[in-house]
Amino acid sequence: MPDTPPRKLIIAIDGPAGVGKSTIASRLARELGYVNLESGAMYRALALKAIEWDTSFDDEPALVKLAHESRIHLEPSLGGNRVKLDGRDVTMRVRETDVTEAASRVSVHPQVREWMVARQREMGVGGGVVMEGRDIGTKVFPHADVKIFLDADPVVREQRRLEQNKGKGASARSLAAELRERDHRDRTRAASPLQPAPDAHLLDSSDLSEDEVLRKVEELVREKLG
């Protein structure tokens, strides 16, 4: 009888802004041959459409209507996901500061999150995915095979975010304020607040390099596959 191929896992990586979730998820997905589903990129795409259509970030019904009229697609590539919005490549645009801030405000609405969760589940239902965000292990895939909550000291996260934004004219003070504001919104929102799933592996990356974090995550995945 032929060998049965290994079952493909659903891997959830949650944590606050600036902790390195996207980089770890992307590298892990490439090593496993899995798809990297960026929940944040999906919220950013909707936020970009809200900006373009002059829709208020506080108008939940209008945002939900906009979501239902949108086609948001993540297309894996060697350099990471390409983000498509209604057929347009908006990969670079959704990383800009105004869209990042807008996505944080758009994502607080329960009905918007409900729509996003449904799309994300559709994309990951067959397994073979690494998904990062803030409520993947608690809301999107509560039965994920591997759940990781990646965290780091706020000062460390602020420094990392400053390094990422070098050359973009952002000051340390403004980046720190933005990070604190996002943390507050994420942790206090009514719908799916940022918190570890009860069965998540907690991983503090404050004193770890990117490679060290990746090795620890790989160990957890190997244990599950083994």
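Residues are numbered from 1 along each chain as its sequence is written, and side-chain values use heavy atoms, with hydrogens and water left out. In this predicted model, local features need pLDDT of at least 70 and side-chain atom pairs count only at pLDDT 80 or more, whereas totals for chains, interfaces and linings use all residues. Helices (H or I, at least four residues) and strands (E, at least two) are DSSP runs, numbered from the N terminus.

Five strands are arranged as an open sheet with parallel pairing, in the order β2-β6-β1-β7-β8; two strands are taken to pair if DSSP finds at least two bridges between them. The edges of this sheet are formed by β2 (35-38) and β8 (201-204), each of which pairs on one side only, and the twist from one strand to the next averages 20°. Angles here run from 0 to 180 degrees between N-to-C directions, and axes are lines fitted to C-alpha atoms, for helices over the stretch in contact.

Of the 6 residues of β7, 5 are buried (under 20% relative accessible area, with over 50% counting as exposed and values in between as partly exposed, for a 1.4 Å probe and protein chains only), so β7 is largely enclosed by the rest of the structure.

A further open sheet consists of 3 strands in the order β3-β4-β5, with antiparallel pairing. Its edge strands, β3 (72-75) and β5 (88-89), each pair on one side only. Strand β4 (residues 82-85) and β5 run antiparallel and are joined by 2 bridges, and the bridge partner of Lys84 in β5 is Asp89. Helix α2 (residues 39-52) lies across β3, β4 and β5, at about 40° to β4.

Helices α3 (residues 60-68) and α5 (residues 110-124) pack at an angle of about 20°, with their axes 8 Å apart, and are therefore roughly parallel to each other (angles under 35 degrees count as roughly parallel, over 145 as roughly antiparallel, 65 to 115 as roughly perpendicular and the rest as oblique). The contact is made by Glu60, Leu63, Val64, Ala67 and His68 of α3 together with Pro110, Gln111, Val112 and Trp115 of α5. These residues divide into 6 nonpolar, 2 polar and 1 charged, where Ala, Val, Leu, Ile, Met, Phe, Trp, Tyr, Cys and Pro count as nonpolar, Asp, Glu, Lys and Arg as charged, and the others, Gly among them, as polar. His109, in the loop between α4 (97-106) and α5, is buried, with a relative accessible area of 10%. Not counting residues up to four places away in sequence, His109 touches Phe57, Asp58, Glu60 and Leu63.

How values were computed:
Contact means heavy atoms within 4.5 Å.
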